Amino acid sequence: MSLRQSDRIQQGTPPVATARTHSSNGKRLPRSKRISQAITARDLTTLKLLARTGSGFQSIRLRRRAWPLLLNFRSLTDSGNRAAAHPDEGQVALDIPRTCLPKSVEYRSDAEATKRRQAQLSNVVQSVLRSYPWLSYYQGFHELTLTFLSVFGSERPAVEAAKMVSLFLVRDAMSSDLENVLQQLRLLYVILQVISPEIHDLLTELEVPAFFAISWVLTWFAHDLDDFGVICRIYDFLITMPPMQVVYMAAAMLKRNEGQILGYERDFATVHTELSKLPGRISNWDEIIDDSYYMQIDYPPTKLQHMGKCHLPKTSAINTYEATWKRLDPAQPLKIESLLPAVKGGRHPLDTTGTAETPTKSNRMAGVIDLTDTAQKARNLALQHKWPLMVATVASATMLMYALLLMQQLQLHT
């Protein structure tokens, strides 16, 4: 039991429902057995508890059975014309070939296997976009989708998983611009102001914007981690939680590494670069998951928006999740239009402009992500060749400042 859980029990908070942990003869059941029993019984309460605690669902085999239940597979009817190409498929075609497949026993390393998997990934992304043409592709969605394809191993369930996540969890990132994602990143700083004023003050003093966390939010850390098992562990948790949970995870990770962060050289480029690399240095994600769970209880999105005077639209996935998700029932599939009336006109709930600027805005944000990656590589390359630290810092800082200008333009044009 964590300290946080102990505090809550002492304060009289009702205990969370627990799974059956022992057999009839008193022996403790293996975790895999408890997961399997909860799946068979369709016990979502227990599955959510197991997803949040310990090692999650542990294996690909169990995830293939648990994730469909938790993501409410087959609770929506498709819309759109799958034969009609989506306007963003050109960008998808550019992103897929440079996608790094996860290091997993599920994969073989030969080139033909890679091409086949990338072709499948392209089909999955296209299927989601064509089913819901009012969704816009963003750079990083293919990495999010790749995790589902890698777990399920085939296109059909991967499409279903990507569809549910797109419509209910990352929908704000799939509008005509990413303004609401930027708003969520502003709320990250609101959380930090409460849980770690020192980190907040450091970032504010150096005027470091939160786009070091963009890939964390857009890909659920898949872009930043090499260990496929860790990525799956994180996804076990995030698919059971409201859309902004990944932001709480970001805050929890920063808080857990507060001492290290406060020890960084007080330099814009250095701080940004080190923060960008932080996920790859985490050894215990279970603690971060646990911290973030209680953090969202203490500071729910509605409270954060009020505290930061940073209000997301009523149609944001952050503000509609609770009302829409509870209506899903695989036994009675619904059209998405019945849950989100705003899409009846073929527009994203957040899209009120309908201007021709959409591709430019999407590409600008893609540019921000590319530049931040390039800045980190430039600095590492400079250090590898033993260039002076000042030269390395200037090289990355120049690109980061350009990325910041792109982000400011994105905000000015929304």
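At 61% relative accessibility, Glu207 counts as exposed (over 50% relative accessible area; buried is under 20%, partly exposed in between, with a 1.4 Å probe and protein chains only). Glu207 sits in the loop between helix 10 (197-205) and helix 11. Helices (H or I, at least four residues) and strands (E, at least two) are DSSP runs, numbered from the N terminus. The model is predicted: local features need pLDDT of at least 70, side-chain atom pairs count only at pLDDT 80 or more, and totals for chains, interfaces and linings use all residues. Residues are numbered from 1 along each chain as its sequence is written, and side-chain values use heavy atoms, with hydrogens and water left out.

Arg42 is likewise a non-glycine residue with positive phi. Its place is the loop between helix 2 (31-40) and helix 3.

| Residue | Phi | Relative accessible area |
|---|---|---|
| Arg42 | near 55° | 55% |
| Glu207 | near 55° | 61% |

**The chain**

The secondary structure comes to 21 helices and 2 strands. Of the 414 residues, 55% count as buried. Contacts (heavy atoms within 4.5 Å) with a separation of 6 or more come to 75% from residues 24 or more positions apart.

**Helix 7**

Helix 7 (residues 141-152) is mostly covered, with 12 of its 12 residues buried. Among them are Phe141, His142, Glu143 and Phe152. These buried residues pack against helix 4 (60-70), helix 5 (89-95), helix 6 (111-131), helix 8 (155-168), helix 11 (214-219) and helix 12 (228-238). Gly153 follows helix 7, with a positive phi near 80°.

**The second largest pocket**

This pocket has a volume of about 650 Å³. A pocket is an open set of points on a 1 Å grid where a 1.4 Å probe fits, with protein on both sides within 12 Å along at least five of seven lines; lining residues have an atom within 4 Å of a point. Of the 30 lining residues, the closest to the centre are Thr240, Met241, Pro242, Tyr321 and Glu322. Elements giving two or more residues to the lining include helix 3 (44-52), helix 4 and helix 13 (245-256). Helix 18 gives the largest share, 6 residues. By class, the lining has 18 nonpolar, 8 polar and 4 charged residues.

Notes
Points joined across faces, edges and corners; volume = space filled by probe spheres on them. Nonpolar A, V, L, I, M, F, W, Y, C, P; charged D, E, K, R; others polar.
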